[in-house]
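I set out to record what could be looked up in this structure, entry by entry. The notes are kept in the order in which I took them.

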Amino acid sequence: MRLLVSLMFSGVFSSAATKYNVVFTATAAISIILSAVYTLNMIQKVFYGNTNALTEKAKDINLNEKIILSVIVIAIIIIGVFPKPMLDITKESVEAILTKMNLKQ
């Protein structure tokens, strides 16, 4: 995970797309830190917090919701493992943007 974040920061920092690469890298780093703090705080409150009148009425998801959630999770895993079809769909748009920014080689 650290390698992926390191590669992302390295790519943003060394990008020739804009002159604000240092600002974008700092913003990305601060955003990742703040999102981790927020997520950990939310998990602590949701999973380890006290129940109230609103949360006492909550019930577990039913079979239909489990099936839909399973399909979404499987789709996310497939797109994560085999991203080429999704990248092929967006290839023309990305090339047009790079051409417009004079970054395409």
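**Entry 1. Confidence.** I noted at the outset that the model is predicted. I looked up the mean pLDDT of the chain and found 83, with 83% of the residues scoring at least 70. By element, I found confidence lowest in α1, at a mean of 65, and highest in α4, at 95.

**Entry 2. Elements.** I counted five helices and zero strands in the chain. Read from the N terminus, the order is α-α-α-α-α.

**Entry 3. Surface.** I looked up the accessible surface of the chain and noted about 9800 Å². Carbon and sulfur atoms account for 69% of that surface. Of the 105 residues in the chain, 2% are buried.

**Entry 4. S10.** I located S10 in helix α1, which covers residues 2-13. I then checked S10 against T25, which is 15 residues away along the chain, and found their C-alpha atoms 8.4 Å apart.

**Entry 5. Nonpolar patch.** Which residues make the nonpolar surface patch? I listed I61, L69, V73, I74, I77, I78, V81 and F82, which together form a patch of about 750 Å². I placed F82 in the loop that links α4 (63-81) to α5 (84-100). F82 has a relative accessible area of 57%, so I recorded this residue as exposed, the cut-off being over 50%.

**Entry 6. Salt bridge.** How many salt bridges does a search of the whole structure find? The search returned one. I identified the partners as K84 and D88, with their closest N and O atoms 3.2 Å apart. Both residues belong to helix α5 and stand four residues apart, about one turn of the helix. Exposed or partly exposed? K84 is exposed, at a relative accessible area of 56%, whereas D88 counts as partly exposed, at 42%.

**Entry 7. Shape of α5.** I looked up the extent of α5 and found 17 residues reaching 24 Å from the first C-alpha to the last. This is close to the 24 Å expected at 1.5 Å a residue. Where is the kink in α5 centred? I found the kink centred on T90, with an angle of about 45°. After α5 comes N102, for which I recorded a positive phi, near 60°.

Note on methods:
Residues are numbered from 1 along each chain as its sequence is written. This is a predicted model: local features need pLDDT of at least 70, side-chain atom pairs count only at pLDDT 80 or more; totals for chains, interfaces and linings use all residues. Side-chain values use heavy atoms; hydrogens and water are left out. Patches are made of residues with over 30% relative accessible area and no salt bridge: like charges are joined within 9 Å, nonpolar side chains (Val, Leu, Ile, Met, Phe, Trp, Tyr) within 5 Å. Accessible areas come from the Shrake-Rupley method with a 1.4 Å probe; for residues, only the protein chains shown count as cover. A salt bridge is a side-chain nitrogen of Lys or Arg within 4 Å of a carboxyl oxygen of Asp or Glu. Helices (H or I, at least four residues) and strands (E, at least two) are DSSP runs, numbered from the N terminus. Buried means under 20% relative accessible area, exposed over 50%, partly exposed in between (1.4 Å probe, protein chains only). The expected span of a helix is 1.5 Å times one less than its number of residues. The bend at a residue is the angle between axes fitted to the seven residues ending there and the seven starting there. pLDDT is the predictor's confidence in each residue, from 0 to 100.
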